[in-house]
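Below is a short walk through one model, taken an element at a time. Please keep the sequence at hand while reading.

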Amino acid sequence: MTFQCPRPPTTRPRPRGLRRGRATITRQSASAFGHSTTPFVGRIRELAILVEALDSVVAGAGRMVLIAGEPGVGKTRLADLLAERARRRGLRAVRGRGLDDEGSPPYWPLREILKSWHDGAEQLLVAPSSSSAERYALFESVTDYLSRAATPTGLVIVLDDVQWLDPGSQAYLTYLARDIARMPILVVATYRDTEVVGNEPLRRTLSTLADEPGVTGLRLGGLTESEVDTLLTELLGAGGAAADVCRRTRGNPFFVTELARVLSDDVNAALPERIRDAVRSRLDRLTPPCRDIVTAAATVGSGAGTGALAALSGHPMPTVLAALDEAAAAAILSSTGEFEHDLVRETARVETPTARRLELHRRMAEYLAHRVDAADRVAEIAFHLLAALPVGDPAAAATWAERAAERALTQLAWEEAARLYGRAAEVSADAGFGELDRSRMLIGKAKAQARGNDIDGARESVLAAAELARAVHDGAGIAEAALALEGITDNWIQPRKPLYEEAFELLPDGDSPLRARLLAHWAIQLAYRAPEEAEARSALALAMAERTGDRTALREALRARQITRGGPDGVTERLTLGDRMIALGREDDDDYVVFWGHLWRFDALVQSGRIDHADAELIAVGRCAERLRSPLARWHLTRSSAALALGRGRFEQARELGERALALARSASHIGAVSPSLGFVSLADVPTGRGRDRADEYCAGAAAAFPPLRAFGAAMVLGIGRRAEAERLYRTLLPFDSLPVFVRLAVLADTAELAREFDDREMAAEIYRRLEPHAELFACNGAGITAVRGSVHLPLGRAAATQGRFDTAIRHLRAAIEVNRSAGLPPAALEAEFELARVLARRGRAGDREQAQALAAATAAAAAALGMVPLHERCQELAESLADHAPGPLTPREREIAELVSRGLTNRQIAAALHIAERTAENHVQHILVKLGFTGRAQIAAWFVVDRRE
């Protein structure tokens, strides 16, 4: 609905002695005490802030203002006043409201807002599926519609009672807040701050909103005593009781109004201590039929309608209409049957005896179930049947609750669906439902919880569902439970019970789509802890899916195969798997399936070193992501683009894309995306030597929780100069064979750099052996690329140099330079040049030193031009060392440091002992290695012992 222009304020004589300068607004009405007609007093500062926000919207920059306060403090009145001002300035104003009725449909406030346009816009909320992509596509569609509707004059949305918003509407509010600045929209949202404590979803929503730059918070307190005096004067024509009223009400305008009613009846009346007593006294003065109608409306919802009120109360329609007129005259209900204030409804509801309240809910459910539109009101019917228990029918309550949950799932209201499935499962136990029925309900709950990102809750529901199926030895039931969380592969956070194996053994032998799907998801879970077994099971799953011809099983088997073949020996197969996935998606007209196929091909093409082809594939990924409008698809597109930008040395672009990917991951609360995104934004700053704060967050979080990431974390902190921390992480690395295959190549590349730094020849030999068969590939993950480290020849060169195999190292490093340059990856090429200069200086053949010096100087200049400050400094130091120090005896300072090295001291300990910087100590050690032609600290220690003896 739109706000209409208000009537001019009623003028009345101002009592003598009344102060001027306050905002005092009254609206003419037949009643002096209705919620909409209570005089507006005070709020000068708050109104000014709102008007400033309105000015910003008129200028084209959207805002959101959150108004908090206790019930009755005037939040809605303040929002209404601003909406009236906006309407006078030519803006459109619409309203939505959270309802304190569990039976209200999902997204009810959004439906109210969209209905204001009378063009069927509310149909945007009829979702075609229940996927995560569709939920965000829904949010984007609604936002686009509102943005268009706001152009060109602007739009004001008043959203009342945020504390009663359903979870889906809360999620949309946070989504809208992130984009509000780019639209000429002002959202004024009110909520009771008295209901934040103990309401974790509301607290999280408010916390998220508070972090958005376009959101402003206001809190309304009570009126001052002088303002209470003004309000009483407006209501009664005279003041005089302000001090007593202010003490009892703490300045709450609604409470002041209720006490004013008492004084209006009897100026000498004793004022009640509790406001509820004042409201109750008004209810007690109603006639019995009117009291019945008010009680029914308070119990089942004031929007029930006259037909429902007649059915609930048992009174004929003329009596109902007369009762509504009486309630309206008493300012309890409006002419449309809505309560004038929530506190009046709450008081009436509390005063209703329990037996009467349960019976009213039962009657309301029966009334709704016999309506022609019952199929569209399943949520309301379920709510009333559940609210009628234990008096009502538990079987009917469970049945309708499950139907309502299914409806909520199709409307993308996952949190509501999870709650309803859970209630259905609870009630079904009392209704005599069997184990498999209850298991089915819990599986539905788990799916809804997973889509709502309540992964821990979903796992609990899965295990409970499996336990019920296990009690009756039903393999299919256990299988459905095991597959409920398909697509959730963050199992390393909290591995769940291996249901796949248990269900597989209980199913009949032979091929079936269900067995194929079980094998596929079993393989995916095993990929994180038993890679070889996972690959074998993925092959069985794919073969069985192909034999059954079931397309769902085939998609899932292809996915399992792609993950389990994510190692360097699976590059060619993953390209084929991507082609098959694309073909399958095109045949089924499923953009999501096509998207995954292109993404798999992108990963495989990058790992095979075909960067130009990967670029073309990324364009196809982007087209699919645009059609899907899914945050997950956008995250994959963004993190892939960021990886290539970093590999090409476009550091600012990489940083921007990395931050965008991290924001997408966090907005979706997807830990499987947050960890690599956080790692990337930490890594993106290493080449330029900026911003090291996030390294701590990453190493303490993701790298600590997921051991395969430790090598990445160690290499990262080494890159920012924290050698001791890097060594500590290095000593905790897992055996390579225990790692998921899709991270092994990247981990081997990182570990090669660490082994060289810590002079670990044994580790270097193992790395070389594992990497040599894949020399022509590029070092990156085989699934989910977040960084492109360049040609495998670079870590091979490092590993060979650590072993003292200088000729082999030089061959690999020259190849790395050529391949990385050809692929358009200058940072990797420059890293290889620096390594080559170091190895040439250490090999010490004729001409090596001069060649190393020239190469180091040239690389230093190129690194500076690219903005790679740390590499520039290392190259420059190497070049200067080679220029300033001819081979031969060490300087006194160098001998001193060599002695400390021989004692086993670290660079940090040497720096402390000599009162120099740790970086200076590191440079001295590097110069000693170059001058003596050594590769590691152990050689320095051995040389010093021999030299001292001589």
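The text takes up a helix and then a strand with its neighbours.

This is a predicted model, in which local features need pLDDT of at least 70, side-chain atom pairs count only at pLDDT 80 or more, and totals for chains, interfaces and linings use all residues. Residues are numbered from 1 along each chain as its sequence is written, and side-chain values use heavy atoms, with hydrogens and water left out.

Helices (H or I, at least four residues) and strands (E, at least two) are DSSP runs, numbered from the N terminus. Helix 1 (residues 44–58) has 15 residues and spans 21 Å from first to last C-alpha, close to the expected 21 Å, a value defined as 1.5 Å times one less than the number of residues. Its buried residues (under 20% relative accessible area, 1.4 Å probe, protein chains only) include Leu47, Leu50 and Leu54. Among the elements covering the buried residues of helix 1 are strand 3 (63–69), helix 2 (75–88) and strand 6 (185–192). Glycine 60, with a positive phi near 105°, follows helix 1.

Strand 6 is largely enclosed by the rest of the structure, because eight of its eight residues are buried. In a regular strand the side chains alternate between the two faces of the sheet. Ile185, Val187, Ala189 and Tyr191 point one way from strand 6, while Leu186, Val188, Thr190 and Arg192 point the other way.

Strands pair if DSSP finds at least two bridges between them. Strand 3 runs parallel to strand 6, joined by seven bridges, and glycine 69 stands opposite arginine 192. Strand 5 also pairs with strand 6 in the parallel sense, over five bridges; here leucine 159 is opposite alanine 189. From strand 5 the chain crosses through helix 5 (residues 167–179) to strand 6 in a right-handed β-α-β crossover, meaning that the path over the helix runs clockwise from the first strand to the second with the strands pointing away from the viewer.

Methods:
Buried < 20%, exposed > 50% of the residue type's maximum accessible area, 1.4 Å probe, protein only. Contact = heavy atoms within 4.5 Å.
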